[in-house]
Amino acid sequence: MAAAAEISTALHQADTFISNIETKIDSASQQHSPASNSSSAKSEDSGLDDGSRRTVAKQISRKSSRMSQSSGMPSVLEQLEQMIVSDEWVGAESNGIPGQHPQLTKTKSREGQRLSELGRTLVTSSSLKTYIDLLSSHHRQSIAAWLYGNTNQALSNLFRFSDSQVYCSDAEATLSLSIRNGIGHAVKLALKKAYGNDFVTKGWRVFMEKGAPVVYVSPALHMDLSSYLASEFGIADVVVLPKIDSELSEIEGRIDHQAFEKILEEDVAAGKKPLILIGVVGSTILGQNDMISKILEIRKTKHSFWLHITGQAIAALTFREPNGVLVHVLSQVDSLTIPLALWLGIPAAPVLTLHKTVDGHKATYREKLDTLPWWVASSYLTSKRITDMIENAYLLSKVMLKGLSTLPQIEIIGMENAAEFASGVYKNKYTPPTVLIFKYRYESIKTAVLRHKDLSQKEEDHEAIAQAEKVLNDELEYGDSLNSWLGQGLLMECQALGIDMMEIGGNYGMAFRFCPLEHAATYSSHIDHVQRFIRQLSDVIRIVDSTVTARSRFSDLKEQFPSLTLLPIQRWAGIGAVCYIPSIVKEVNPHEWNEKQKQQISHLNLELVHQLRSVDTAFSSGESASYGVSCVKFGMLSDAKDLADLVQMVAEKGKEIENSQQYLDSLAQLIRQGIEAANEHLRKENDMRLQNEGVMRQLPIMGSLVNWWSPLDKEAQNIRGRSFNLKTGEIQTTEVMYKRKMGEDTKTPMTPVETPQAPHDFSLKKNEAVIEETKEESEEQAEAAQETQK
């Protein structure tokens with residue numbers, strides 16, 4: 001009874017401690033949320049600026065230490081609680097994004113850490129493992145054996161992996177490291193089976209006697225095992241197997257079983273010992289499966305080795321009615337590593353590894369006791385609830401696949417005919433995919449890829465190949481910008497689905513990744529979330545379609561307005577960017593603009609953007625890296641028919657600014673400054689001439705005599721005039737202008753390009769009329785109010 005009371009008291013104290021921490025975390029998150037008044041440079045917690053935060057944290061730590069020495073255990077727990085709740089004591093170099101408010105970083109890092117009832121139970125019950133260690137040897141071993149047996153039976157039945165044993169990986173900083181520990185346990189078992197007790201007694205010497213072990217790794221594993229296996233087991237031969245050639249192999253490949261068969265024969269002929277093959281069923285990017293049935297056939301006919309499997313598709317074994325082929329194939333492998341805690345959204349539970357029985361191997365007391373969290377989880381959730389949670393994740397994938405397949409503008413990576421595949425999934429011909437990678441289908445990329453591929457195969461015109469490569473890179477960059485723009489609006493509104501963006505490489509660029517197994521349980525996702533996402537996506541896609549259509553004819557439409565120049569910009573999902581060119585520099589090549597001209601053009605275009613945004617906020621200012629001037633950027637377009645009106649409005653507004661009194665005044669000031677600078681140049685040159693000629697030459701009679709006796713050089717007698725070029729903003733000698741004029745007299749004069757008559761824009765003029773009427777009404781109301789006050 002006393003022991004039960006002690007355990008109950010300890011658990012209650014741990015639960016109270018965690019509750020206090022979560023309460024303070026929630027309070028700090030609300031206090032320092034972006035919507036609160038915490039954007040100042042000082043912390044509301046300490047009242048000090050960020051620079052002194054680390055020093056103060058050290059002082060608090062020392063103070064807490066002194067309190068703990070004098071006040072006992074409550075002060076020690078108070079210090080630990082303070083370290084968990086606040087991260088101000090962490091060094092500035094590891095405090096998140098540089099330049100970001102530390103409280104905002106702290107708040108974001110705590111998102112999603114609110115423990116559920118099961119999560120809190122797992123955290124508090126983990127302390128019982130230490131308490132169990134204090135019991136007598138027979139007592140604690142009996143408890144560990146009972147926990148191990150019950151957990152092993154529940155998980156083996158859940159995954160239909162009979163005659164298996166369970167192993168719980170040690171907790172690591174990341175999930176991949178925990179999975180790596182599970183793979184390491186499988187390697188340990190494979191060594192035990194292949195070399196027997198000799199590996200335990202002789203170590204690496206047994207490799208020399210019986211052959212060096214070789215580990216084969218699937219290319220879809222995305223994990224470097226070489227250094228880990230070398231340091232832990234002394235295995236030097238870790239072979240990443242070749243991929244099957246396909247269009248998707250550059251993103252993620254599957255094992256080429258024919259190439260593996262040849263490699264296996266070569267290793268056996270060389271005296272090596274094939275130890276283990278690590279395959280993937282349900283890869284993390286494309287959800288692909290290695291052909292495990294082919295590998296089992298190779299093992300049966302060629303050479304025996306341990307077969308270990310990991311991946312997301314293992315979750316399908318828990319279905320009420322799982323696929324018979326999947327159960328038959330995976331029941332023949334030797335071990336499985338399963339991140340079940342991630343799929344169920346529960347913290348503080350280790351990664352599981354189920355493996356077949358190996359002669360001479362018995363689980364240790366510590367390995368048995370480590371199953372305590374999973375005994376709690378399996379008892380609390382039951383097999384039925386676990387199956388429900390995993391089937392719900394597959395159902396979400398099924399509904400998402402159906403919704404995406406109805407949108408022709410969406411490309412699902414890895415599916416040639418998404419609609420046909422979705423139909424097969426709904427007819428139970430196929431299992432729903434564990435991962436969906438999709439993106440906006442920008443057809444220009446496919447055209448550019450084919451063009452570049454055809455030219456590269458011919459290898460004749462290197463200049464054409466370089467141009468095609470440039471076009472391809474530009475189209476890929478624009479496609480990424482479109483998908484990034486889609487993500488900015490959708491992901492924030494659909495956080496319950498856990499959709500994120502990733503760079504998948506190759507000619508695919510940015511894409512969306514939906515993996516309900518990883519997020520559905522954590523965010524409590526359901527079908528309504530998916531359906532709402534599909535509706536929002538279809539609405540936003542219309543804007544993207546209109547923008548892409550308008551962009552394709554943007555260059556041709558701009559030709560109607562000679563005052564506008566199309567400028568290339570990077571990372572912009574809108575239609576494009578133009579620069580309004582003033583008439584005084586219209587005839588100058590953009591590559592020949594000097595700094596004063598660039599400044600003048602940028603000033604006009606910034607004012608143009610300011611006035612355009614008062615009418616349409618989709619306009620924005622930018623800077624073209626190619627020419628170094630500010631430009632007007634067109635945003636996304638909801639209707640491609642409005643493009644002509646928008647371009648016309650930009651040209652008219654630019655002309656209006658150029659002809660405005662303010663712009664003319666600034667131009668007059670520029671001219672005045674040029675004239676003053678020219679006069680100053682002339683004065684300095686005249687003073688220099690007088691200084692060179694001397695005083696004697698300035699006297700009326702004496703000067704003629706001196707000039708006759710010692711005449712000056714003809715070049716020294718001439719004073720060159722100065723001219724201020726309005727087009728370039730430079731001061732030049734008149735000699736340059738004369739020489740240029742003499743050269744231009746022999747050329748054919750250029751015919752000025754006349755701007756064609758712009759089409760009428762009824763919608764914009766209607767908007768302007770409404771604005772003007774509103775302005776007049778507001779002025780009348782203001783005057784009436786003043787009269788009333790009088």
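**Close-up views of a predicted model**

Figure 1. The axis of α19 and that of helix α21 (residues 527–552) come within 10 Å, crossing at roughly 145°. The crossing of α19 past α21 is right-handed. On the α19 side, the contact is made by Glu-475, Tyr-478, Leu-482, Trp-485, Leu-486 and Leu-490. On the α21 side, the residues are Phe-533, Gln-536, Leu-537, Val-540, Ile-543, Val-544, Thr-547, Val-548 and Arg-551. Sorted by class, the residues in the contact of α19 with α21 are eleven nonpolar, two polar and two charged.

**Figure 2. A second open sheet contains strands β12, β13, β15 and β14.** This sheet has four strands in the order β12-β13-β15-β14, and their pairing is antiparallel. Strands β12 (564–567) and β14 (620–624) stand at the edges with a single partner strand each, so one side of each has no neighbour in the sheet. The average twist from one strand to the next is 45°. Within the sheet, strand β13 (residues 576–580) and strand β15 (residues 629–634) are joined by three bridges in the antiparallel sense. Gly-576 is placed opposite Phe-634 in β15.

**Figure 3. Helices α23 and α24 lie against the sheet that contains β13 and β15.** Helix α23 (residues 595–613) lies across β13, β14 and β15, and runs at about 25° to β15. Helix α24 (residues 643–659) packs on the sheet as well, where it touches β12, β13 and β15. The direction of α24 makes about 25° with that of β13.

**Figure 4. Strand β5 is mostly covered.** Of the five residues in strand β5 (residues 306–310), five are buried. Trp-306, His-308 and Thr-310 point one way from the strand, while Leu-307 and Ile-309 point the other way. Strand β4 (residues 273–280) runs parallel to β5 and is joined to it by five bridges. Ile-276 has Trp-306 in β5 as its bridge partner.

**Figure 5. Helices α7 and α10 cross obliquely.** The axes of helix α7 (residues 175–195) and helix α10 (residues 226–233) come within 11 Å and cross at roughly 50°. The two helices are therefore oblique to each other. The passage of α7 by α10 is a right-handed crossing. In α7, the residues that meet α10 are Arg-180, Asn-181, Gly-184, Val-187, Lys-188 and Leu-191. Their counterparts in α10 are Tyr-228, Leu-229 and Phe-233. The residues of this contact of α7 with α10 comprise five nonpolar, two polar and two charged.

**Figure 6. Thr-382 and Asn-428 have a positive phi.** Most residues other than glycine have a negative phi. Thr-382 is not a glycine, yet its phi is positive, at about 70°. Thr-382 is located in helix α16 (residues 372–405). Its relative accessibility is 36%, and Thr-382 therefore counts as partly exposed. Asn-428 is likewise not a glycine, and has a positive phi of about 65°. Asn-428 is found in the loop between α17 (418–426) and β9. Because the relative accessibility of Asn-428 is 66%, Asn-428 counts as exposed.

Note on methods: Residues are numbered from 1 along each chain as its sequence is written. This is a predicted model: local features need pLDDT of at least 70, side-chain atom pairs count only at pLDDT 80 or more; totals for chains, interfaces and linings use all residues. Side-chain values use heavy atoms; hydrogens and water are left out. Axes are lines fitted to C-alpha atoms, for helices over the stretch in contact, and angles run from 0 to 180 degrees between N-to-C directions. Angles under 35 degrees count as roughly parallel, over 145 as roughly antiparallel, 65 to 115 as roughly perpendicular and the rest as oblique. A crossing is left-handed if the near helix is turned anticlockwise from the far one by less than a right angle, and right-handed if clockwise. Contact means heavy atoms within 4.5 Å. Ala, Val, Leu, Ile, Met, Phe, Trp, Tyr, Cys and Pro count as nonpolar, Asp, Glu, Lys and Arg as charged, and the others, Gly among them, as polar. Two strands pair if DSSP finds at least two bridges between them. Buried means under 20% relative accessible area, exposed over 50%, partly exposed in between (1.4 Å probe, protein chains only).
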